[in-house]
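Here is a walk through one protein model, meant for a reader who has not seen it before. The sequence and the structure come first, and the explanation follows.

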Amino acid sequence: MPTRRETLLGGGALAASTLLTGTSGCAQTNGFTTLLPVPPLIDARSQGGAIRLVAQEGRHEFMAGRPAATLGYSGPILGPTLRMRRGEEVRFEIENRMDATTTVHWHGLLIPSDRDGAPHDPIAPGETWRKVLPIAQAETTAWYHPHPHRDTARQVYFGLAGLVLIEDGTGAQLGLPRTYGVDDLPLILQDRLFDATGDLIYPDGPMTVMQGARGNTITANGAVAPVARVPAGLVRLRLLNGSNARNLDLRFADGRTFHVIASDGGYLATSVAMTRILIAPSERFEILVDFSDGRAAHLETGPDPVAPMMGMMMGGMGRAQSPAAPIMKFAPDDRRPSMTTAVPPTLVDMPPLPPIDPLGRRRFVLNDMGMMMGGMMGGGRAGAALGINGQAFDMDRIDAEIALGSSEVWDIETGAMAHPFHVHGVHFSVISLDGAPPPVHLQGWKDTVLVARSAEILIHFTQVAPRAHPFMFHCHILEHEDAGMMGQYVCG
Ligand code: C2O
Ligand code: CU
Ligand code: CU
């Protein structure tokens, strides 16, 4: 594992030379021979309600024969998928065997803040963190990742992330595909930058702080251009954009329709037929794809449609790298029985939104490049002006005090670029995006929303957060978060 300093020096130089020689596009995509790795599934129930993870350094071959220094949970890269059921109390213990302080944040779990794993719960090297997760939310796909003060981006980039499947029986009732690793596939999608030896390059430096770390190769569950053998029928994909900054504009090369059934906080009211879906960092969508025609299908992403225009602003230097890219192949196998054939049109009841007028309102302006450009021209440190409402994150400052059980509308505004805005400890409804109602697939429960210019979100606060353990709200471009585009609220 490179030290932080080596990464800063060596990685920065390599990243710069990659930009100069113009090796954009995908490193290795004519393969589609590596089988899609599927993270092992750990069921809390079969472990007697206990889950143990070890955050550790490792080596992983993103490309065959070319090992990279990585980080992982109980393995060299990523982490096991954790299955938990509504009503369970899951005891966890997480040991930190790395040489850097970490935390483990349960992104999307509705749990009290003292076990949310935010920067206030550091796990020092050699230490173990033990707490209990009371699972009391609807069926959904959530995830876990590090959240240490100012070191989140690097730790996630080198491999720390895993999925959490919350179950309450709804998917079974609806007859959805649910055989893990067969017709129910987790897909952690992340863009990465590699050097010629197959090692990861973390593109550090002021440009990275401004636009977020962006790679030219998309990995799926830690593999470059893999193939998944799937039943020739309906397959469920649990999509997570685990990238530090890049938005993915997913579609199949043959333009086939898929059905979106769930977003961050659980099932949608109705399934939504789509041919393209934009996923911002930390968002999850579950989709059903029909492979019953037996034809191979390629999943790909278009260019990031809301990538920052830094290339233009900075006179051609350091344009954000986010070309269109193939991701993986699905090879249907008609000897495998397809277990599910029909997409359920209606899924779950969504409660009507409470009347908005009587609710409290708050406004959060995400300060980005507009301020940063000014700061740089004024000789300031790049990134110093990243913040919210004019202030950079401060662990000792509470930015909002919220009454437990209340609902509020938060107005989120951006500056020069789009930001994925995330709130801990809640699921929310998107009321508007840039002044218009959100599209149907964004009308379910969310914990992250991509804000181009403005968004109104309606939040109901159900989890306790005392002063010693405030909940975070922040941009999920991890470099922005680390640089200060984060605030904290207490709730009681
Ligand atoms: Cu997934 Cu505070 O983050
Ligand atoms: Cu979170
Ligand atoms: Cu941001």
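The paragraphs below go from the whole chain to its strands, its metal sites and a few single residues.

This is a predicted model, in which local features need a pLDDT of at least 70 and side-chain atom pairs count only at pLDDT 80 or more, while totals for chains, interfaces and linings use all residues. Residues are numbered from 1 along each chain as its sequence is written, chains are lettered from A and ligands numbered from 1 in the order in which they are written, and side-chain values use heavy atoms, with hydrogens and water left out.

The protein chain has an average pLDDT of 89, and 88% of its residues score at least 70; pLDDT is the predictor's confidence in each residue, from 0 to 100. Over residues 1–28 the pLDDT is below 50, and this stretch has 45 contacts in the model beyond near neighbours in sequence. A contact means heavy atoms within 4.5 Å. Residues 311–319 also have a pLDDT below 50, and that stretch has 16 contacts beyond near neighbours in sequence.

The secondary structure of the protein chain consists of 7 helices and 31 strands. Helices (H or I, at least four residues) and strands (E, at least two) are DSSP runs, numbered from the N terminus. Of the 492 residues in the protein chain, 61% are buried. Buried means under 20% relative accessible area, exposed means over 50%, and partly exposed lies in between (1.4 Å probe, protein chains only). Among contacts between residues at least 6 apart in sequence, 78% join residues at least 24 apart.

One part to look at is an open sheet of 5 strands with mixed pairing, in the order β1-β4-β9-β8-β6. Two strands pair if DSSP finds at least two bridges between them. β1 (41–43) and β6 stand at the edges with a single partner strand each, so one side of each has no neighbour in the sheet. From one strand to the next the twist averages 25°; axes are lines fitted to C-alpha atoms, for helices over the stretch in contact, and angles run from 0 to 180 degrees between N-to-C directions. Within this sheet, strand β4 (residues 81–85) runs parallel to strand β9 (residues 162–167), and 4 bridges join them. R83 has L165 in β9 as its bridge partner.

Strand β25 (residues 407–413) has 6 of its 7 residues buried. It pairs with strand β22 (residues 360–367) in the parallel sense over 6 bridges, and D411 in β25 is the bridge partner of R363. β25 is also joined by 7 bridges to strand β29 (residues 454–460), and these two run antiparallel. There, E413 stands opposite S454 in β29.

Next come the metal sites. Which residues coordinate the copper ion that is ligand 2? They are H105 and H422, each through NE2, at 1.9 Å. Donors are N, O and S atoms within 2.8 Å of the metal (3.2 Å for Na, K and Ca), and water is not among the atoms, so sites may look incomplete. H105 lies in strand β6 (residues 105–107) and H422 in strand β26 (residues 419–423), so the pair ties together parts that are 317 residues apart in sequence. Both H105 and H422 are buried.

The copper ion that is ligand 3 has H419 (ND1), C475 (SG) and H480 (ND1) as its protein donors, at 2.0 to 2.1 Å. Their spacing in sequence is H-x55-C-x4-H. C475 is buried at 0% relative accessibility, and H480 is buried with a relative accessible area of 0%.

Q488 is in strand β31 (residues 486–491) and is buried, with a relative accessible area of 0%. The side chain of Q488 reaches the backbone oxygen of M395 at 2.8 Å. A polar contact is a pair of N or O atoms within 3.5 Å; within protein, one must be able to donate a hydrogen and the other to accept it, and residues adjacent in sequence count only if both atoms are side-chain atoms.

R150 is not a glycine, yet it has a positive phi of about 65°. R150 lies in the loop between β8 (140–145) and α2 (152–157) and is partly exposed, with a relative accessible area of 44%. D434, also not a glycine, has a positive phi of about 50°. D434 is in the loop between β27 (428–433) and β28 (448–451), and its relative accessible area of 31% makes it partly exposed.
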